[in-house]
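Here is a walk through one protein model, taken a feature at a time.

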Amino acid sequence: MKIKVNIVIWFLLCLAFAKAQTIPVSDASELSQAIKNAQPGDTIVMLNKEWKDVEIKFKAIGTAQKPIVLRSETAGSVKLTGNSTLRIGGDYLEVHGLWFENGNVGKNNVVRFEADNDTPATNSRLTNSAIINVNPDSRDITNYYIALHGKNNRIDHCSLLGKLNKGPAIAVRLKNSIDNNHRIDHNYFGERLPLGFNGGETIRIGTSTYSKQSSRTIVENNFFERCSGEMEIISIKSAHNVVRNNLILESEGTITLRHGDYNIIEGNVIIGNNLPKTGGIRMINKGNIIRNNIIIGTTGKDLRAPICVMNGIPNSELNEYDPVVDGIIQNNTIINCSPVTLGIGSRSNATVAPVNTKFENNLIYNSNRGLAIFSGDDISGISMAGNKVNSTLIEDFNGVDVVDFKLEAANGIYIPTADSDALLAGVKTSPKVRVDATGALRSQLRAGAIVPGGNFKPAIALTSQAGVSFIKIDELRNLSKDIAVTVLDVAPGEIKV
């Protein structure tokens, strides 16, 4: 009897595994038919070549144990050009190894996690894929490289660069979905030239219309390089998101908590290399937390300051500026930057000062004499404690102590020396900051993002292996397109429009 049972189980297992197929396709017609017939566990393989003007509608239903996979024969060897686009809709779908390059999709999005209005993607993934220099005819046309709809989707180990027109590289859409639980991780976002007007974000999560809704999107372990489309590099316009352990290099702008409450910005490393307009993190709204970030060599002032806490507008509309309430700014390290700015308003009616906000255990160092913190208005609603600045900085706020601490080079950045440990004693905070930017446990209360003294682990943000496997970042840097320059001969007094 036992032998018969084992035979039956073996037969059923063989039958189950036999259903999974690898299906090679060589043109759009074969691809469409393969997707139509796809069953859980199947893998559809696009053969290596240039696929021009192909509109892929990957609409299918996989399972957690048996996702349906669409992949290139060899990662990076399927080039999608012209007006090629990808729509993903259904459940448990995966796309691997595609490369969109030098295309023009007009007002369409290059990749959309929604096959049609009734079929968003859930539990699906785009990985190890590139979108490079795909632009419409005019910079005024709005589209996205990737539009994230649905829930529980992931974009990882992708490379995106060369976007010249209006619209973020990645937009998380909340129109028909809240608590999205998306994950955007280990991606390389390459150079984005200044757009000259709004709409040049690299990532935007939500919009002002849906800003009171919760997205719960995580943006982590990405590398942003020269992402200078506009002042908001990462624009948060929804609630309960996490932006952590990202590296931002030489980018003209900030991580901006533009709308939405209870977001966490932690463990990011921002390096400006003293370039103009480079900034840090901007706080607006309620219950947001900025902690364990390292900001080095940013020159932006006011709204582009290393940390900026804004004033709000009374009875603010959804697209305006809510007051800062219950904000927490803890254990950040700021080195050789312009001053932190508190109580800054971008409009004349921004008259509501921050309330019940904490600025604690932050570390500010500058080799040049100047201000550590600039207050533009009443900041009595910001309590300060345990903050440390070095002796070249001018400071007269209670809760900000001038101490003669030293820094040393470690893993490409500077951290406090072991001899400085006792000088950086901080205060108890709520909530507790249990680890530092390297992931090391905090056994003692110390100011700054990295615990001083013998901690030579790199910050987590400096260790991510971001981007695709098939093009090195050094090679990607050479692929960005320059904006075409038109020279006009204009006579004195003549105006060209």
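The largest cavity has a volume of about 60 Å³. This is a predicted model, and the cavity is one of two in the structure that reach 30 Å³ or more. Its lining is made by Tyr145, Leu160, Leu161, Gly162, Lys163, Ala169, Phe189, Gly190, Glu191, Arg192, Thr202 and Cys227. Sorted by class, the lining of the largest cavity has six nonpolar, three polar and three charged residues. Such spaces are found with a probe: rolling one the size of a water molecule over the atoms shows where empty space is left.

The second largest cavity holds about 40 Å³ of space. Around this cavity stand Ile294, Thr333, Ile335, Leu407, Tyr414, Ile415, Pro416, Ala449 and Ile450. Two elements each give two or more residues to the lining, namely strand 35 (333–335) and strand 46 (413–416). Strand 46 contributes the most, with three residues. What classes of residue make up the lining of the second largest cavity? Eight are nonpolar and one is polar, with no charged residues.

The largest pocket contains about 390 Å³ of space. It is lined by 20 residues, and those closest to its centre are Asn198, Glu201, Glu230, Glu232 and Lys237. Strand 24 (232–237) and strand 27 (254–259) each supply at least two residues of this lining. The lining of the largest pocket divides into four nonpolar, eight polar and eight charged residues.

The second largest pocket has about 260 Å³ of space. Of its 13 lining residues, Arg112, Glu114, His149, Lys175 and Asn176 are the closest to the centre. By class, three residues of this lining are nonpolar, six are polar and four are charged.

Side chains of opposite charge can pair when their charged atoms come close. Arg112 and Glu114 meet in a salt bridge, with 2.7 Å from N to O. Are these two partners buried or exposed? Arg112 counts as partly exposed, because its relative accessible area is 23% and the partly exposed range begins where buried, under 20%, ends. Glu114 has a relative accessible area of 6%, so it is buried.

In total the structure holds 21 salt bridges. Another joins Asp179 to Arg216, whose closest N and O atoms are 3.1 Å apart. This pair links distant parts of the chain, 37 residues apart. Asp179 is in the loop between strand 18 (170–172) and strand 19 (183–185), and Arg216 is in the loop between strand 21 (203–205) and strand 22 (218–220). Asp179 is partly exposed at 28% relative accessibility, and Arg216 is partly exposed at 38%.

A further salt bridge brings together the side chains of Asp404 and Lys406, at 3.5 Å from N to O. Asp404 is partly exposed, with a relative accessible area of 46%, and for Lys406 the value is 46% too, again partly exposed. Salt bridges also form a network, which links Arg125, Arg154, Asp156, Arg183, Asp185, Glu220 and Arg244.

Phe374 belongs to strand 40 (residues 373–375). This residue is partly exposed, at 34% relative accessibility.

The last stop is the backbone. Most residues other than glycine have a negative phi, and most peptide bonds are trans. His186 sits in the loop between strand 19 and strand 20 (188–189), and is buried with a relative accessible area of 16%. Asp326 sits in the loop between strand 33 (307–310) and strand 34 (328–330), and is partly exposed at 28% relative accessibility. As for the peptide bonds, the one from Ser430 to Pro431 is cis, with omega near 5°. Pro431 is found in the loop between strand 46 and helix 3 (473–476).

How values were computed: Residues are numbered from 1 along each chain as its sequence is written. This is a predicted model: local features need pLDDT of at least 70, side-chain atom pairs count only at pLDDT 80 or more; totals for chains, interfaces and linings use all residues. Side-chain values use heavy atoms; hydrogens and water are left out. On a 1 Å grid over the protein atoms alone, a cavity is a set of points where a 1.4 Å probe fits but cannot get out, and a pocket is an open set with protein on both sides within 12 Å along at least five of seven lines; lining residues have an atom within 4 Å of a point. Grid points are joined across faces, edges and corners, and a volume is the space filled by probe spheres set on the points. Helices (H or I, at least four residues) and strands (E, at least two) are DSSP runs, numbered from the N terminus. Ala, Val, Leu, Ile, Met, Phe, Trp, Tyr, Cys and Pro count as nonpolar, Asp, Glu, Lys and Arg as charged, and the others, Gly among them, as polar. A salt bridge is a side-chain nitrogen of Lys or Arg within 4 Å of a carboxyl oxygen of Asp or Glu. Buried means under 20% relative accessible area, exposed over 50%, partly exposed in between (1.4 Å probe, protein chains only).
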